[in-house]
Amino acid sequence: MNTEDISRRRFLARLSIGFAAASAALASVPVIGFLFAPLFKSLPEAWRSVGRVESFEIGKTVSVQFQTADPLPWSGITAKNSAWVRRVSEAEFIVFSIHCTHLGCPVTWIPEAELFMCPCHGGVFTRDGNVAAGPPRHPLTRHQVRVLNGNLEILTKPLPIV
Amino acid sequence: MFRRIIKTIWGWIDDRLGLSAQIIPMLTHRVPPDARWWYVFGSATLAAFLIQVITGVILSFSYVAAAGEAFNALIYITKDAPFGRFLRGMHYFGASAMVLMIGIHALQVFWFGAYKFPRELNWITGVMLLGLTVGMGFTGQLLRWDQTAIWSVVVGAEQAGRAPLAGSWIARFILGGGNVGGATLSRFFAIHGFVLPALLFAIIGAHLQLVLRNGISEPPRPGSVVDPKTYRQKYEERIEKTGTPFWPDSAWRDVVFAAAMIGGVVLCAWGIGPPVLGRPPDPSIVHADPRPDWYLIWYFSVLALLPPGTENLFMIFAPLLAGAGLLLLPLLFPHGERHFSRRPAGVAGVVMLLVMVGSLWRSGMDSAWVPDLTAAPISKEIVASDDPLVQRGAQLFSSKGCISCHRIGPGGGQRGPDLTDVGDRLTRDQITIRILNGATNMPPYADILKPDELDALVRFLVSRQVHGSLLYDPSLPAQK
């Protein structure tokens, strides 16, 4: 085997690997783009009406349901979301996210004890959303809230990661 | 005449496929004869994987990977589709069997020191398969798209969200957006049905190739040391002398054990049936009680019991460290003694692992840290008092949520101390201060209880005496 043969083989090997790599790289652009699309999209927010202002009693904490910001057509019931609304005074509302700040499980309001309790790992929060017990280290996160035309509206938000 | 035709046809097929030339020598390669029943767990894992492939493909014929419809499809499969309930059961118990078998297989290989030279890559591919199996279990539990599934995704995303720098990106990648919703289930269906199975097939292929290439390890004897210079030669000589063909001399045990395991899976699928579907996957229903399937319950305990402050460290770095440690194990300890009697550190490691996972698993079954929101009110027999104030206190003990965390008599939560005999241990003032101010892991009730409610509650708690209070009169006898 002469040196010409060797250099020809080396060239052909490199040519094949080069073509394979180039076509794989080209094909992976849309694949990666499609897969990671959720990261590049800005997360939408939307104001959702959750009821007439006068339907909320002062000093009470109640559950309200609303739709997430941009559900897909096939989301069905998974597009639903809820929050805890506490009317502090005539004008002041606090809207808590239902997600425990430990690992996101839904907290339940126990009216008699005036506590939010989490079913997963035992987090407990006071009526102001501060940590009362358990593994969470941050108070419950809050939704922005406004009153428009006599309706209480809250701003949806992505799952809080704290 | 007929026989000759068959023979000709078979000869043609055999020639083209190379059965006699390649496959049969593979099946009948010589293996150590003394492996016996210890070596059946790998093939049993493979058998469980085959159950999963078959039942999984069949279930996907009726499953609908759309977030709004999957729950209905699951109800249809379970209630209406012929054999649907049975197949879901097979897929669930097949998964359980696969996790169990791969766990035992890994422990056995470690116990026998079989990960050492020249089988380092056998171990490393095995660790990858272990990780993929757990990944299949978790993603599979999510495809059972009920309330528990969506909250499991949330918990998974929140944990990933704790990762430094890229945390919230990873969380959004898992959810397919900002919240659990339409995009989430489709992603997990693709991962569970295509991505992970493809990786499993590929790495199982590599794992089996490595078994053929490096041979089945001989059961270790104390004093026989693995030396990379001489090991292969010694092994060959030994196999040459005493080895027996894998098929059928050894394989019959694999087949018998795998058949028994499959029988067990069938029995469980038939008798116990698939895991019950919970509430529909509606994130606005806050009354949830999400639990992972049994093989991850111990990790559920880890999440609940980690001391606050160490969480981020543990959630992100402990799994990475454990994974890296397992992968690197054969590279760190490639030679030396294989027998457990000469590997005290290895034995200690196995014992520690079993004790740790076992005790975490047990506390996960109890989940004593979760407030018991369904605890029944305290019965008249337990209150055992005609004092109306004590009776009112007992009512408040349930209605104000005390009972969710504290036991009195047979009922109540286990998050906080048992108060059955609190009157023996604490004075009226101590009880009052504790209730008003709270404590670590107990909320203060100062602005929740009205003064008369506090009085009743304290009166009730002081009356909780089993042996008679030792606090006021130390001269009283300890027993009633």
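## Sheet in chain A

Chain A carries an open sheet of 4 strands in the order β2-β3-β4-β9, with antiparallel pairing. Its edge strands are β2 (61-67) and β9 (142-143), and each pairs on one side only. Strands here are DSSP runs of E, at least two residues, numbered from the N terminus. Two strands pair if DSSP finds at least two bridges between them.

Strands β3 (residues 80-87) and β4 (residues 93-97) of chain A pair in the antiparallel sense over 5 bridges. A:R86 stands opposite A:I94 in β4(A).

## Basis of the model

This is a predicted model: local features need pLDDT of at least 70, side-chain atom pairs count only at pLDDT 80 or more, and totals for chains, interfaces and linings use all residues. Residues are numbered from 1 along each chain as its sequence is written, chains are lettered from A and ligands numbered from 1 in the order in which they are written, and side-chain values use heavy atoms, without hydrogens and water.

## Cysteines

The whole structure has 1 disulfide over all chains (a pair of cysteine sulfur atoms within 2.5 Å). The disulfide joins A:C105 to A:C120, S to S 2.0 Å. The link is left-handed, with -80° about the S-S bond. A:C105 lies in the loop between β4 and β5 (108-110) of chain A and A:C120 in the loop between β6 (115-117) and β7 (124-126), so the pair ties together parts 15 residues apart in sequence.

A:C105 is buried at 1% relative accessible area (buried means under 20%, exposed over 50%, partly exposed in between; 1.4 Å probe, protein chains only). A:C120 is buried at 1% too. A:C118 is in no disulfide; the nearest cysteine sulfur, that of A:C100, is 3.9 Å away.
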